[in-house]
Amino acid sequence: MSDTDFDVPKALSGTGGWLDDRFHGARGLRVLMRKVFPDHWTFMLGEIALWSFVILLLTGTFLSLFFIPSMTQVTYHGSYVKLDGIKMSEAYQSTLNITFDVRGGLLIRQIHHWAADLFMAALIIHMLRVFFTGAYRKPREINWLIGVGLFTLGLLEGLFGYSLPDDQLSGAGLRIFEGALQGIPIVGTYLAFFLFGGPFPGHDIVPRMYIIHVLLIPGILLALISAHLFIMFHQKHTQMPGKGNTEKNVNGQPFYPYFMAKGGAWFFFIFGALVLLATFATINPVWLYGPYSPVAISSASQPDFYMGILEGSLRVMPAWEINFLGHTLSLSVLIPFALPLTIVLGGAALWPFFEQWATGDRSPHNINDRPRNAPVRTATGVAAMTFYGVLWAEGANDVIADKLQVPLYTITWIARVMVFVGPALGYIITKRICLGLQRKDAQELLHGYESGIIRQLPNGEFIEVHQAVNEERRAVLEAKPVPALLPGPGAADANGIPAPSSRGLLGRARGVANRAFAETIPLETNGHGDVDHGNGHAVESGEEHAAVGAAPSGSGHGQLPAGDAAEEEPREGG
Amino acid sequence: MSWINARRRRPAAGYAALLLGLVVVALAYGALTSSGSVSQASAAVGAQQDTAAGKRLFQVNCSSCHGLEAQGTSQAPSLVGAGAAAVDFQMSTGRMPAKEVGAENERKPSSFSTREIHSIADYIASLGGGPAIPTDQQVDPALGDPGLGYQLFSANCSQCHNAGLSGGALTYGKDAPPLTEATPTQIYEAMLTGPEAMPVFADGAVSPQAKRDIIAYITQTRVEPNPGGFSLGRTGPITEGLVIFFGGMGFLILVALWITAKRRDPRPTGME
Amino acid sequence: MSDMEETEGTEGPGVPVAPHRVIGTPPPSPRLLGSTAVAEHREPATAAGEDEEEVVGVPHNVGLPPDDPKMVLHGKRAERVVAACFTLAFFAGCAFIAAYVGIGVGTVDKTLRSNLGLGSTLAATLLLLGAGALIWVRHLMPNVELTEERHELRSDEKDRQAFQEVFKEGTGYSQFVKRPLIRRTLMLGTLPLLAAPIVLLRDTGPKPGTSLRNTVWSPGRRLLVYGTNQPITPADFSAPGSMISIVPEGYEENDDQLTKAAVILIKFRPGELDIPTRTQGGTLVGTMNWTVDNIVAYSKICTHVGCPVALYEQTTHHILCPCHQSTFDAAKGAEVIFGPAPRPLPQLPLTTDSSGYLVAKSDFTQPVGPSFWERG
């Protein structure tokens with residue numbers, strides 16, 4: 001092709017040779033250049049988090065050149081004259097300085113904060129995508145765990161990050177954190193005093209959060225992200241079901257130059273979107289909140305959205321405290337502090353192993369599931385989202401009460417009920433929807449799709465012609481795993497001995513779980529691999545269904561199918 | 001085939017129908033709902049700012065709930081001792097005459113002139129004293145120190161009215177209104193008289209000077225531009241979270257769809 | 001959209017064939033978004049001269065050949081668009097530098113203009129670069145597909161065996177298995193090192209001691225209004241329904257102490273205040289005797305997790321904490337009526353001093369603020 005009609009410039013090939021002499025890279029880089037990354041828009045969500053992290057590092061470095069992580073009290077005489085004469089910490093003063101006295105300071109501050117929010121939002125959506133497509137299954141369980149770890153670290157990193165300016169809003173959040181910490185049994189007060197270097201607020205928390213925020217956690221995050229990417233590289237990304245996609249291949253475009261160009265473009269778009277937000281949408285206007293004072297508080301005091309679940313848990317909980325033997329156990333604080341996040345994150349971490357245990361499926365999977373084909377997984381995911389969502393919304397209850405004119409306590413009562421009822425309803429409804437969609441898919445495979453063409457048969461009947469699905473769609477519909485049933489407690493081997501894994505309480509529980517996971521709507525085939533029409537004649541793709549004159553009144557297929565007339569497209573006249 | 005029929009099965013048709021429906025409903029709603037109830041009041045002949053005129057106005061417009069001598073009834077409290085400031089605040093913000101008994105009264109346009117309000121205020125003050133309407137100098141923001149005002153505001157006001165002045169929720173359906181529309185006089189009077197659920201900040205605790213500082217802080221903050229872009233309602237992290245999901249992620253998902261969309265190369269030459 | 005393909009009807013010639021696809025029904029061609037293309041070749045061809053190390057696939061063009069005149073025209077057009085994007089990005093970038101140099105900061109207004117100028121130019125640069133790169137990939141680079149083989153991740157048996165042998169051999173050399181004394185003493189020797197990091201953290205803070213049990217309130221300490229730092233007499237605070245935030249004299253700016261010592265002062269109408277006399281573990285914690293002239297002082301630190309509990313509704317005499325909506329009845333000793341707070345707000349005993357100012361009679365008789373294990 002004429003596109004390759006050029007000589008590699010001497011500078012490039014010379015450098016390449018110099019490096020190869022020292023690092024033996026030719027073969028490896030060649031493989032890398034041809035490496036295939038499958039192309040689906042949902043695969044790009046994790047990259048949003050990745051590029052947001054890079055942007056956080058860049059903007060964070062800029063901010064660290066100007067921010068002073070000190071709680072020493074100073075009297076303000078700077079550019080924001082409304083607060084002139086007010087005492088504040090140096091941290092807050094340096095933040096005002098960055099905002100009003102450093103060119104680009106406000107922009108970079110806002111990019112940094114929006115990028116943090118985007119990082120967490122992208123992580124949530126990415127984790128949901130991985131969950132609902134079953135991409136966490138073998139061999140990717142470790143990567144899933146690394147991901148849960150990244151999310152948890154991100155929570156902490158964000159919490160410490162927005163608390164650094166020492167403003168009224170984030171200071172209130174720190175106070176809540178300290179109050180919850182000191183309520184931990186036995187060690188709580190010690191933990192609180194050690195972390196804060198004494199009673200709250202003390203003088204140590206901002207410098208300590210600073211070093212954790214700029215060095216410790218970013219270091220761990222970098223290491224984990226590198227591991228996450230390397231594992232994904234080594235194991236190759238999963239693929240969506242489709243024509244030509246098998247467990248043993250990856251289809252897509254080569255890394256060089258396609259994926260590099262698309263990745264680069266994606267980086268620029270993400271950065272551009274963040275700069276747009278930073279230009280036109282105010283985030284964390286600390287000058288409006290003022291410096292922190294333990295005597296003051298504002299209405300609508302919420303943490304950043306990713307901490308919303310904790311905030312909502314603290315609000316939804318009714319009062320509950322146990323006093324005994326000179327000790328106090330404040331369950332109103334401990335339960336919300338510990339339980340919901342443990343359920344969500346711990347459940348997420350354990351889920352791949354639970355699913356393996358319940359389904360007995362130990363084979364590696366490189367093709368993603370369509371969510372409808374895994375009803376229990378999808379329904380559990382929706383239940384978890386509902387649980388998370390109810391608590392998240394409850395965290396905003398005073399703003400909802402104010403803006404939507406709903407009484408305050410009513411919202412809390414609704415949340416108290418919905419935190420239990422919601423997930424249950426979510427599970428049941430989602431599972432039914434999944435099975436319904438599976439039924440629809442099976443029908444589509446069997447009978448084809450409605451083509452919009454109406455035909456009149458010689459006997460006067462009108463039918464809608466069905467077209468068999470095209471190859472691509474067929475591949476997607478047929479890529480449906482058949483769940484295996486483990487031997488139940490009733491099953492026994494030739495000598496009448498039941499399988500050891502099915503015995504006992506755990507075994508019976510496993511059986512229950514297994515049967516739930518195995519519930520599916522099967523695709524009907526006639527053994528030749530073609531979709532059976534229901535009367536033994538396979539239909540090949542592309543053929544129109546109407547075989548004229550083959551039968552009197554009918555369902556439009558031209559034949560009288562046994563028993564499923566009721567499900568056919570409506571007949572003319574009702 | 002008519003123009004609409006030819007396009008009925010297009011994917012965009014559903015969205016177009018929905019949009020049309022929304023527009024129709026919005027127009028109908030706007031036409032049918034009144035623009036906000038204004039109290040029915042007949043402007044009496046109160047030309048002079050004197051107690052007699054005030055008494056006449058009071059008896060026509062207020063006595064049905066507050067009693068002929070402002071002594072109070074089961075429907076409304078006594079106004080003896082309430083003071084001119086309370087009357088001026090309640091009537092100039094349109095809260096009084098109240099729409100209905102027991103409801104939380106919202107700010108609405110007042111149907112009384114300032115002169116009429118002041119004459120009613122004079123009348124009420126003549127019954128039992130009470131806090132007076134502040135002078136212009138007492139409420140002049142230019143004479144206040146917004147820094148000190150910030151300190152007082154943050155400890156006593158922002159928990160209800162919000163640090164960004166956007167208001168907040170109280171119990172049982174009440175709310176503290178935003179402070180974006182109140183005049184300096186009204187702010188002063190509200191602090192002084194503690195309308196409805198708001199506590200009283202009498203001059204002994206919050207001196208007139210301190211009140212002026214708070215007024216300076218409020219008036220400066222509410223006109224302050226938002227250097228970071230749109231303020232998003234000055235409500236804080238909740239709107240920020242909504243923006244990042246629907247604005248940020250939404251935009252990026254659209255871009256991702258573009259990046260991974262199937263390439264549509266031009267059709268081969270010779271095959272038309 | 002061009003999906004009109006001819007198909008043969010099954011009725012035979014002479015019967016008009018319906019169009020293959022009706023608007024609103026699925027297209028017969030592969031779906032538009034997010035699909036991997038239907039590649040012609042699915043087996044990855046090995047490049048010449050390759051051995052068993054790594055199989056590298058060969059990309060195949062699934063679109064038009066690049067010398068097709070339509071592709072050439074398309075390519076020229078796309079090239080102009082991409083070049084325009086990059087050129088505009090250049091100008092936007094220059095505008096960014098100009099905005100930085102030209103727009104100063106130092107007031108709120110100037111900051112607004114600076115942010116707008118810098119941000120819009122930077123966003124334009126980035127988005128244009130991104131759009132240019134994307135159009136380049138999608139419209140200039142040939143439509144190429146590639147299939148790569150996945151290798152079995154599990155190593156084959158002989159590799160695993162070989163690994164095991166080498167591992168056993170090395171372990172044998174170390175005699176780790178053969179000499180349990182070394183093994184055990186090694187673990188013993190390293191144990192204290194594991195505890196060292198935890199031990200080294202001891203000096204990060206003092207032990208809490210009794211500091212959470214007491215505040216700086218003491219007999220005769222004056223109540224000051226926060227912000228103005230002025231003392232207050234009952235006559236100053238005589239309007240029923242009044243509320244104000246209070247700090248202890250001498251500690252007006254000591255945040256560490258204010259975190260426990262902030263107080264909310266409320267004035268009631270005669271007859272409205274009805275604080276029941278309560279004791280807790282033998283200690284008096286609430287009584288009408290601690291009020292002065294229907295003025296009551298409660299700790300402003302919420303007993304839930306420590307926010308200042310500051311909303312006061314005059315009409316319902318509820319104190320509402322804005323953080324998690326714990327609600328206390330100020331007329332009845334700040335008992336909890338809603339929300340997660342487990343205990344009423346502690347009451348500060350009040351009296352007046354010789355000058356008539358409100359002072360504390362003593363410290364709070366119970367620890368203020370959030371609960372903790374040793375609270376009792």
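The model is predicted, so to speak of local features a pLDDT of at least 70 is needed, side-chain atom pairs count only at pLDDT 80 or more, and totals for chains, interfaces and linings use all residues. Residues are numbered from 1 along each chain as its sequence is written, chains are lettered from A and ligands numbered from 1 in the order in which they are written, and side-chain values use heavy atoms, with hydrogens and water left out.

**Domains**

- Chain A is divided into domain 1 (7-35 + 46-240 + 263-369) and domain 2 (448-480 + 531-556), with bounds that come from an automatic or database domain assignment.
- The C-alpha centres of these two domains of chain A are 54 Å apart.
- Chain C is divided into domain 1 (34-43 + 54-151), domain 2 (152-190) and domain 3 (223-375).
- In chain C, the centres of domain 1 and domain 2, taken over C-alpha atoms, are separated by 53 Å.

**Chain A with chain C**

- In this interface, 121 residues of chain A are in contact with 108 residues of chain C, where contact means heavy atoms within 4.5 Å.
- Chain A and chain C bury about 9900 Å² between them, and carbon and sulfur atoms give 61% of that area. Buried area is the accessible area (1.4 Å probe) that two parts lose on being put together, summed over both.
- Three salt bridges are found across this interface; a salt bridge is a side-chain nitrogen of Lys or Arg within 4 Å of a carboxyl oxygen of Asp or Glu.
- Arg343(C) and Glu321(A) meet in a salt bridge through their side chains, at 3.3 Å from N to O.
- Helix 10 (residues 255-280) of chain A gives the largest share of the side of chain A that touches chain C, 15 residues. Helices are DSSP runs (H or I, at least four residues) and strands are DSSP runs (E, at least two), numbered from the N terminus.
- The side of chain A that touches chain C has 56 nonpolar, 41 polar and 24 charged residues. Ala, Val, Leu, Ile, Met, Phe, Trp, Tyr, Cys and Pro count as nonpolar, Asp, Glu, Lys and Arg as charged, and the others, Gly among them, as polar.

**Chain A with chain B**

- This contact takes 63 residues from chain A and 55 residues from chain B.
- The buried area is about 4800 Å², with 69% of it on carbon and sulfur atoms.
- One salt bridge is counted between the two chains: Lys82(A) pairs with Glu224(B) at 3.4 Å, N to O.
- On the side of chain B that touches chain A, the largest share, 18 residues, comes from helix 11 of chain B.

**Disulfide**

- The whole structure has one disulfide over all chains, a disulfide being a pair of cysteine sulfur atoms within 2.5 Å.
- Cys307(C) and Cys323(C) form the disulfide, with their sulfur atoms 2.0 Å apart.
- The torsion about their S-S bond is about -90°, so the disulfide is left-handed.

**Backbone geometry**

- Most residues other than glycine have a negative phi, and most peptide bonds are trans.
- Lys138(A) and Pro139(A) are joined by a cis peptide bond with omega of about 5°.
- Another cis peptide bond joins Met96(B) and Pro97(B), with omega of about -5°.
- Ala300(A) is not a glycine, yet has a positive phi of about 50°.
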